[in-house]
Amino acid sequence: MSDISVTDVICRSGVVAVLRAPTADAFAAIGDVLVEAGITALEVTLTSRGSLEAIAGLRRQLPDSVAVGAGTVLTLDDAKAGVDAGAAFLVSPVHVRALDGFEVPVYPGAFTPTEIFNASRAGAPLVKLFPAATVGPRFIRDLHGPLPGVRIMPTGGIEIADIANWLTAGASAVGLGGPLIGDAVAGGSLKRLAARARHAADAVAFARS
């Protein structure tokens, strides 16, 4: 990551591509396409068979400037396994207190203002708002009134067309799974994946222009 923190890399990317599938077999090819299109933060979910091997492989094949992390981290053992495989950050759908102050950045899931505040106060440099589609972008704008310093990454149910709205509302980055990755995890067209990824990267650029 050179002089740039992992969290800063994620925020600069604007999109964290969430790689979730029954098996991680296609993740290497998907990673190349995403990075080429400008998505420089990848989250490999531990619920995917072969996820740890995929994390290790992505770290070897992709530039050092790309942040590769582990997702769906629910226990301390999950966290240690992810880091041992090469994960530079960890993401959870909930706030796992055993991971507060862990050796790499941990982005816990939270939903209510109280949960988001408590996760941030516990040291999370970025809080995952999940499931984000339940509330919508205005939630971020309203939350940043009383909590202006909390960096938030909405994830869950977000479409590519929603990216700009979330970022302009104040999100630091957004997490995208199925709408971005699509059928590429099952052998679908990498050309179509590249088009979706470029669309997502363009949406980030538009929101920040």
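The model is predicted; local features need pLDDT of at least 70, side-chain atom pairs count only at pLDDT 80 or more, and totals for chains, interfaces and linings use all residues. Residues are numbered from 1 along each chain as its sequence is written, and side-chain values use heavy atoms, with hydrogens and water left out. Helices (H or I, at least four residues) and strands (E, at least two) are DSSP runs, numbered from the N terminus.

**Helices α3 and α4**

- The axes of α3 (residues 51-61) and α4 (residues 76-85) come within 8 Å and cross at roughly 35°; axes are lines fitted to C-alpha atoms, for helices over the stretch in contact, and angles run from 0 to 180 degrees between N-to-C directions.
- Leu-52, Ile-55 and Ala-56 of α3 meet Ala-81, Gly-82 and Ala-85 of α4, where contact means heavy atoms within 4.5 Å.
- The residues of this contact comprise 5 nonpolar, 1 polar and no charged; Ala, Val, Leu, Ile, Met, Phe, Trp, Tyr, Cys and Pro count as nonpolar, Asp, Glu, Lys and Arg as charged, and the others, Gly among them, as polar.
- In α4, the residues Ala-79, Gly-82, Val-83 and Ala-85 are buried (buried means under 20% relative accessible area, exposed over 50%, partly exposed in between, with a 1.4 Å probe and protein chains only).
- The buried residues of α4 pack against α3, β3 (67-71) and β4 (90-91), whereas the face turned away from the buried side carries the exposed residues Asp-77 and Asp-84.
- In α3, Ser-51, Ala-54, Ile-55, Ala-56, Gly-57 and Leu-58 are buried, and their cover includes α2 (27-37), β2 (41-45), β3 and α4.
- Gln-61, also in α3, is partly exposed at 33% relative accessibility and touches Ala-28 and Asp-32, not counting residues up to four places away in sequence.

- Gly-69 lies in strand β3 and is buried, with a relative accessible area of 0%.
- Leaving out residues up to four places away in sequence, Gly-69 touches Leu-42, Glu-43, Val-44, Ile-55, Ala-87, Ala-88 and Phe-89.
- Thr-72, in the loop between β3 and α4, is not a glycine but has a positive phi of about 55°; Thr-72 is buried, with a relative accessible area of 15%.
- Gly-86 follows α4 and has a positive phi near 120°.
- Phe-130 and Pro-131 are joined by a cis peptide bond with omega of about -5°, and Pro-131 sits in the loop between β7 (127-129) and α6 (138-143).

**Largest pocket**

- The largest pocket holds about 160 Å³ of space; a pocket is an open set of points on a 1 Å grid over the protein atoms alone, where a 1.4 Å probe fits, with protein on both sides within 12 Å along at least five of seven lines.
- Grid points are joined across faces, edges and corners, and the volume is the space filled by probe spheres set on the points.
- Of the 16 lining residues, the closest to the pocket centre are Val-18, Arg-20, Phe-130, Thr-155 and Gly-156; lining residues have an atom within 4 Å of a point.
- The lining has 6 nonpolar, 7 polar and 3 charged residues, and β9 (174-176) and α8 (178-181) each supply at least two of the lining residues.
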